[in-house]
Amino acid sequence: MMDAFLKRANSAGRYAPQRTATLKQKPTRLEESHSRKKVKREETQRSDGDSDEYHIDTPPLKPRPNLQRDDTLDSLAHDDVAENSGSEDAYVSRVTAIESSLPEIEPDKQAIEEYQNFKASQDAEAGNAASRLDSRAWVRGKSSLYVDAFNLALDTVLSEEAHLFDDKEKQIFEQWRSLSYEAQFLYVRLFLRKTSSWHRIARLGYYNDITDTEGAVKELQKNRDLPKDVSTGMLSLVLPQPELSSFIQEQCVFEDQFTFADASEDFIDSVEEAVSLLSLDEVKSLAKEAKVQGKNKADLAKAICKMSSQQAGLLSMGLLRADTTDSTNSSGRSTPDTQSPGPSLGEDGNRRKHFLDKILATTGPCVRLSLSVFKLFERVHLVFYRSTEWTEKSLTTIILAKASKRNFPSYIVSRSSSIFISRAQLLEFETAMRSEYAVDSILEFNGPVTEAGFRKVVDSFETIYPRWNNIMREEQEKEDRVYESGEGAYLRRLSPGHAYTRILHKAAYALGRLKDHQREHTLLTELLDQRLFHLARRGSWYQRKALLEEHYMYALLPNSAYTDPERQKSHWKSIAAATCEKALEDPDCHLKYHYDLQKRLVKLEKQLKIPVRLQHDFGHVRLKKPEEHYVEGIQLRRTDAVGKNGRGPSSKTIWVDEAENNGECSVESMCLSWYRAKGWKGYHAEGGIIRTLFAYLFFDILFLYIPHVFQTAYQTCPLDLHTDAFYPTRASEINHRLVEIANGGATKLIDEVDTRERERRTCVVGLNWDYELEDLLELADCFDGAALATVCKVMAQEYGQRGGGIPDLILWRTSPVKECMFAEVKSANDRLSDTQRLWIHVLMGAGLKVALCNAAAKEIRDI
């Protein structure tokens, strides 16, 4: 097994020095990261209103890899299925858990090429994946970065957690090892592409690595035997407990034979499926012959299918297409279901056969990965990455990180084999994730949600609710008796209870939309009664619960002690006030919810006519309005500007930097020059310098030993940093550090870390070594200690969600008094996003000065 997963990390090597930043522009790497930045939509809670709209309070769901065959005409919207089948498919731009913990290394062709050029020998016995990683022995045509990364994941899982797989699955792994290098290479490359699609063999195009593509395809499509009987020792792992059978759905079902890949001649038997393999030009040509018309590829394809099945319909041959989501063994070679008796082939059948044969003659033989084997390898990767989300970058970045000459922090690598104790637990987790995805599909992926959609969500909740209660009891017992050192917080993310709790959260939203407020209130109360899952959502649950108690519960659940409706209202308003108080005292209620909870509590106390001396006074955190600054400059307008791919020009404006030789600059740089002229120092950092300060101030806490969060020797942060498990797991250490920062200890902490790590330029998440130490110390000294502690606490609580939205400019000055200010730059027609408003609330609530810098053009020049 690869030793990188078991040893203490302290890699040698030097990191190439980079140009030092000045106050005139942000550091080089900061510029690069800004150019790739994408706006994220987030929903925020507004409890100060009386709206009964329930906000889910979650960023857009990251789409998981598609686990179902997409054989419908809807797939025709993706023209590159056929046309780009010979090139690498662009993976979705999203960051997975393992990727977020590794250094920023782009797995481009050049990086992979350079790495694979490290050749120790061309000996055919080059060893296994782990040994090649250590010796850097790659030989083109004999070994590959992708294949070795794939096999590394498989070998690591089987060496530690083989108990999660049965005899048939282990036999498949043995058959995998017996495949030739070229067959393995082709499988891995297709595994990392659009796995639900057919691929034309003639267009696969891996000629530099595969000398005989057709031979590799035939090897993957070969029928292979499996043992007929599962050993008795494995039965207890295969068969779940009877009461859990409804919560466990086996997706990898194998009979006596299997193949690694499907052949098109055995599976494509309909025009609908075949036409999806054609390019746009090929569809147009076929439509012209069929004398049909359409506005786009999808319309043309539908017209061709309709014409080919006129009158008799799709079932005229007696064929009933199987639903591939119900059958996970696509390689079973079973005969299609038939309707008996069925009509003869006839003229309509001949028409369909004519078009089917013509399409298949155009495409040539095609290959598709068998679904059951594909899902089996997905399960391997789930266990390896401890995550349901991984991409091609996840697979290669670990290896590229080892090859890079970078220095990583010193920490203890801990990879436990006890996360999934049994096969049944793993299968239940998989099933729970599919149930969660089904709920998300209803609420987020299919347009406006209807009443029927909300009721489906509630039905899903009803199904899993008894099991959720049982899991709560089991996990609480583990927390009390088993888990140590806070290890349970991260492990519970791999429990079915994590997915089930999120379903309950979404069900509460659905109940609110269905106006079932009493049941919604009961569900929110139960969610708040547990402290095991989704602690970051507690603030939103408190907000909604208080709103229901203030406006609805007096009519739904009246207290028998009161007959006067006004007394009933007062009774429930007092309960709502108590809910707000409890929320503000809850250490797991994040700071971003405090302002709205305080507003509601003050309003309720006034309505209840609580004596002034007994009312809460939050005047010390009352928000002021941001200062308004107006900056005039010269704007440049390109008259012939054209965006990428022929689109319109970019919305970013170009300005003249009159303070810097009238050069072109961004609106933020123009405003920064304006502030510099007034005695301020600063950066256009958009949060980069805040993340750098956080990395300096919490360096030792980031790499504190917590079981399971450091699984490789090349991480820049723990795996749970971007989750809601980071803060509660280290609450004691973080709170002590926040007190130290509030007492003015920030500059000492920064200086100590810089002295120890700057020469090595250690890779740490968010830490940009291009910032000068002098600037960082001066900035930290200008910060009020308590304000800096507040900002750091928000980052610790929600590092993944609060990375964006920080104002564009961070400014400081030492005279006439030491002070720090944030400035959000806005051009004409710009508006603040929800995340920007949230950060402005946080910063001003901490007592920091925030300005809205409005840039106006005093002159516009065409260029």
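**Close-up views of a predicted model**

**View 1. Helices H28 and H34 are roughly perpendicular to each other.** The structure shown here, as in every view, is a predicted model. H28 spans residues 688-697 and H34 spans residues 785-797; their axes come within 10 Å and cross at roughly 90 degrees. On the H28 side, the contact is made by Ile690, Arg691, Phe694 and Leu697. These residues meet Leu788, Val791, Cys792, Met795 and Ala796 of H34. Sorted by class, the contact of H28 with H34 holds eight nonpolar residues, one charged residue and no polar ones.

**View 2. An open sheet is built from seven strands.** The strand order is E10-E9-E8-E14-E13-E12-E11, and the pairing is mixed. E10 and E11 (681-684) stand at the edges with a single partner strand each, so one side of each has no neighbour in the sheet. On average, and with direction ignored, neighbouring strands are turned by 40 degrees against each other.

**View 3. Strands E13 and E14 pair in the parallel sense.** E13 covers residues 819-826 and E14 covers residues 849-862, with six bridges between the two strands. Lys826 has Asn854 in E14 as its bridge partner. Helix H33 (residues 773-782) touches E11, E12 (809-813) and E13, and its direction makes about 80 degrees with that of E12. Helix H35 (residues 834-845) touches E13 and E14, with about 135 degrees between the directions of H35 and E14.

**View 4. Asn662 lies in the loop between strands E9 and E10.** Asn662 counts as exposed because its relative accessibility is 53%, and the cut-off for exposed is over 50%. Beyond its neighbours within four places in sequence, Asn662 is in contact with Val656 and Asp657. Ile634 is 28 residues from Asn662 in sequence, and the two are 9.6 Å apart in space, C-alpha to C-alpha.

**View 5. The largest nonpolar core has 98 residues.** Those with the most contacts inside this core are Trp176, Leu186, Tyr187, Phe260, Phe377 and Phe420. Helix H16 (residues 371-385) supplies the largest share, ten residues. Residues up to four places away in sequence aside, Tyr187 touches Phe150, Trp176, Leu220, Phe260, Leu369, Val373, Phe374 and Phe377. A second, separate core has 70 residues, among them Tyr683, Leu767, Phe822 and Leu848.

Terms used:
Residues are numbered from 1 along each chain as its sequence is written. This is a predicted model: local features need pLDDT of at least 70, side-chain atom pairs count only at pLDDT 80 or more; totals for chains, interfaces and linings use all residues. Side-chain values use heavy atoms; hydrogens and water are left out. Axes are lines fitted to C-alpha atoms, for helices over the stretch in contact, and angles run from 0 to 180 degrees between N-to-C directions. Helices (H or I, at least four residues) and strands (E, at least two) are DSSP runs, numbered from the N terminus. Angles under 35 degrees count as roughly parallel, over 145 as roughly antiparallel, 65 to 115 as roughly perpendicular and the rest as oblique. Contact means heavy atoms within 4.5 Å. Ala, Val, Leu, Ile, Met, Phe, Trp, Tyr, Cys and Pro count as nonpolar, Asp, Glu, Lys and Arg as charged, and the others, Gly among them, as polar. Buried means under 20% relative accessible area, exposed over 50%, partly exposed in between (1.4 Å probe, protein chains only). A nonpolar core is a set of buried Ala, Val, Leu, Ile, Met, Phe, Trp, Tyr and Cys residues joined through side-chain atoms within 4.5 Å. Two strands pair if DSSP finds at least two bridges between them.
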